[in-house]
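Please have the sequence and the model in view while reading.

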Amino acid sequence: MTRATVRAWYLVHKWTSIVCTAFLLMLCVTGLPLIFHDEIDRLSGGDVAAGMTGQGSSGEGPGLLPLDTMLAKALAARPGEVPLFMAFDNERPQMTITTGPRPDAPAAEMTMQIYNRATGELAEVASEEGVMHFLLQLHTDMFLGLPGMLFLGAMGVVFVASIVSGVVLYAPFMRKLDFGTLRTSRSRRLKWLDTHNLLGIVALAWMLVVGLTGVVNALATPIMQMWQANELAEMTRAYAGRPALPVSRYGSLDVAMAEARRARPGNNPQFIAFPGGGFSSKHHYAVFLQGDTPLTERLLTPALIDAETGRLTDVRPLPWYGQALLLSQPLHFGDYGALPLKILWAVLDLFTIVILGSGLYLWLGKRRAPLPARVREVESGGEWVPAE
């Protein structure tokens, strides 16, 4: 690698790192507790369904109450409102029923009730408050909505560029050193430079995975809007131009669910989107079904059921960009491998905090040094070489 090439990659690494460091530190700090959100909810008493035992609410066994009964309970508790979503659990009988003042109500006007489908008892009316909700919103959009999500997605792209440029510079830096060298008896700067490089290469794959999945997650809203404009519009083309179906003419949810199960045998529902919302048409129950394996349970297939007649209109898997979003969300927070994977995610998250902090320290310590001297430092493996 020529000196000019090293110089170019050094500048890329320097400026991409400077641009994203503050935001990456915020994401790493807020992401650490979010990795263990399930465990924190249980310990803090925030998991109201922890005591519910029995068949998962997504099943169809005799021990579960009919969906129509559960929906009637939820609407009775919220008179004047209409159903928006019904979500299920594969492990416990808990289910959530979301209502609002109208079918296209925004999230701020929604009410989410958590029920036990085995007993029909209301467990809690969920609220989007508390420390974990604050951290999640700060982590995903910094309370700025879609602009905040897209900005953090752009920071993710810059972060990936800083990782790639750092790997390119790692080769000439380590040319004269053994892997894992930490020159702790030398200067403080050299110690932190070695630590920065070692942790960076150890956490390389993880940082790339989390960075790229973070970018995909930041595009969740545009991805779903693309699905609605293309796939969903095509699936409901025969209903285009019809007035919205009144709530009073909604048919049986249990009939609709049975129709969806016949279309995708072996699948269970993850959630139902009611007519009028962004995930359905003005005439359909959209039953989002999931597979029964660790991989396929992350992938959803929407079955559109005419909400008045209970007949299947169409069923087809989400397109590749929708599936990519669904797969990237749990991977970003380490949700695939239970507690051991979460612990690994947390350790690598701490590594990244050290990498970001040490990078900032290294830059501040020598920010007035001329560029040629910095390039020679990379080529010499961290030794400060006098100007030629």
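Gln-290 has Leu-300 in strand E7 as its bridge partner. Strand E6 (residues 284–290) and E7 run antiparallel and are joined by seven bridges. Helices (H or I, at least four residues) and strands (E, at least two) are DSSP runs, numbered from the N terminus. Two strands pair if DSSP finds at least two bridges between them.

The model is predicted: local features need pLDDT of at least 70, side-chain atom pairs count only at pLDDT 80 or more, and totals for chains, interfaces and linings use all residues. Residues are numbered from 1 along each chain as its sequence is written, and side-chain values use heavy atoms, with hydrogens and water left out.

On to the next strand pair. Strand E7 (residues 300–306) is linked to strand E8 (residues 312–315) by three bridges, and the two run antiparallel. Ala-303 lies opposite Val-315 in E8. E7 and E8 make a hairpin with five residues between them, and Gly-310 in the turn has a positive phi of about 80°.

These strands belong to an open sheet of eight strands, with the order E4-E3-E2-E1-E5-E6-E7-E8 and antiparallel pairing. At the edges are strand E4 (122–126) and E8, each of which pairs on one side only. From one strand to the next, the twist averages 25°. Strands of a sheet pair through backbone hydrogen bonds, either parallel or antiparallel.

How do the helices H3 and H9 cross? The axes of helix H3 (residues 67–77) and helix H9 (residues 253–263) come within 7 Å and cross at roughly 135°. Therefore H3 is oblique to H9. Axes are lines fitted to C-alpha atoms, for helices over the stretch in contact, and angles run from 0 to 180 degrees between N-to-C directions. Angles under 35 degrees count as roughly parallel, over 145 as roughly antiparallel, 65 to 115 as roughly perpendicular and the rest as oblique.

In H3, Leu-67, Asp-68 and Leu-71 meet Leu-253, Asp-254 and Met-257 of H9, where contact means heavy atoms within 4.5 Å.

The structure holds zero disulfides, a disulfide being a pair of cysteine sulfur atoms within 2.5 Å.
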